[in-house]
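Subject: Structure handover

Hi,

Here is the structure I promised to pass on. Please open it next to this message and follow along.

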Amino acid sequence: MTHHTHREVRLAARPEGPVKDDLFEIAEVPVPEPGPGQVLVRNTHMGVAAVMRTLMDENADVPMDSFGIGAPLNGPAVGEVIAAPGTELTPGDLVEHRLGWREYALLDADQAHRLEPGLMPDPAAYLSQGPTALMGIERGAEVRTGDTVFVTGAAGGVGSLAGQLARQFGAARVIGSTGSQAKADRLISELGYDAVVIRGAGPIEDQLREAAPDGVDATFDNVGGEQLTAAIAVANRGARIAIVGALASQLATETTNASKTEIDTLSLLSRSITLRGIALYDHLDLIPQWNRRFAEGLRTGTLSFPHTRLHGIEQAPQALRELTEGRHLGAVIVEL
């Protein structure tokens, strides 16, 4: 039984600086009627990610469309099919799609990806950023047995899985970076990191040299800026550095030098260092691979899903604000 109306979160204004709650409005709108070839989904879970702050700007320097003022935001969501006339989907199917930030979503059938029933012990796990973590560890940084691995932004939704995967791919030593001692302690006690460098606790390069006395073989970089510069400085001969995110520039409050990365090209050359930008839309085959790996890891206890869960669509703006403020370890999920 569908309701007659549902709520969606709209972008009310472009941000000038950090995410604030008054940039959003929650609108009550009629539940749409699916036509032939369309699917109506009742969303049960949605994820928020740092890139959403970037998409709130009018001109986002990412290969995705910016959010429109007065229009609902969008992002990854999981939900249950309510109606799907003339399609291969049936009511009750669990699907994943890109129209989060609303309680009901209407989309063309090819935009809803049917999920294997019962694969994940928790449907929220489909919203992990694990495919990106797997891509960066396996194909970007090419982590192999015996490596010392450095993961920047280690406490985020991507980094908290990348560190676990580095270990699965044979890393001998895994070092992370984060913004607080509290998060650093949790990364070491809960997520298997050997050492953590802390943003703001002294020059990153000095901390990294101390944490990796034998140098770094593979870097999974979510941040850029000073952390990437440090990774290059401490890289061993033949090191692989994967550029997976650019949080320093995405979350910079103004255009500062902190978001720019100075690269010593001579050191890349003399030590044969590979610097590789890598994005998931070129590696979509990893999504089903990751889902199988994650489901098995969650069931056997060999992988964990660090996340914070907020309840109700009215908490979605707060979820994104708290994520960008660095309040949470791991992914941030809203249960609708």
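Where is Asp214 found? Asp214 sits in the loop between helix H5 (204-211) and S11. Keep in mind throughout that this is a predicted model. Asp214 is exposed, because its relative accessible area is 66% and exposed means over 50%. Asp214 and Ala235 are 21 residues apart in sequence. In space, their C-alpha atoms are 9.3 Å apart.

Next, the sheet. It is open and has 6 strands, in the order S10-S9-S8-S11-S12-S13. The pairing is parallel. S10 and strand S13 (274-277) are the edge strands, and each pairs on one side only. From one strand to the next, the twist averages 15°.

Look at the S10 end. S9 and S10 pair in the parallel sense, over 4 bridges. Gly176 has Val196 in S10 as its bridge partner.

Two helices to find against the sheet. H4 lies across S9 and S10 and runs at about 165° to S10. Helix H6 (residues 225-233) lies across S8, S9, S11, strand S12 (235-243) and S13. H6 runs at about 155° to S12.

Which residues of H4 are buried? They are Lys183, Ala184 and Leu187. These three cover an arc of only 105° around the axis, so they are on the same side of H4. The buried residues of H4 pack against strand S9 (173-178) and S10. The face turned away from that buried side carries the exposed residues Ala182 and Ser189. Just after H4 comes Gly192, with a positive phi of about 80°.

The largest nonpolar core has 46 residues. Ile137, Val143, Leu187, Tyr193 and Phe294 have the most contacts inside it.

Phe294 deserves a click. Leave out residues up to four places away in sequence. Phe294 then touches Met120, Ala125, Ser128, Leu161, Leu303, Ser304 and Phe305.

Last stop: Glu322. This residue is found in helix H10 (residues 316-324). Is Glu322 buried or exposed? Glu322 is buried, because its relative accessible area is 9% and buried means under 20%. Leaving aside neighbours within four places in sequence, Glu322 is in contact with Leu310, Arg327 and His328. The side chains of Glu322 and His328 are joined by a polar contact of 2.6 Å. Glu322 and Thr152 are 170 residues apart in sequence. Their C-alpha atoms are 19 Å apart in space.

Over to you.

Best wishes

Key
Residues numbered from 1 in each chain as written. Predicted model: local features only at pLDDT ≥ 70, side-chain atom pairs only at ≥ 80, totals over all residues. Heavy atoms only, no water. Core = buried A, V, L, I, M, F, W, Y, C linked by side-chain atoms within 4.5 Å. Buried < 20%, exposed > 50% of the residue type's maximum accessible area, 1.4 Å probe, protein only. Contact = heavy atoms within 4.5 Å. Polar contact = N/O pair within 3.5 Å; in protein donor to acceptor, adjacent residues only side chain to side chain. Arc of directions from axis to C-beta. Pairing = 2+ DSSP bridges. Axes fitted to C-alpha atoms, helices over the stretch in contact; angles between N-to-C directions.
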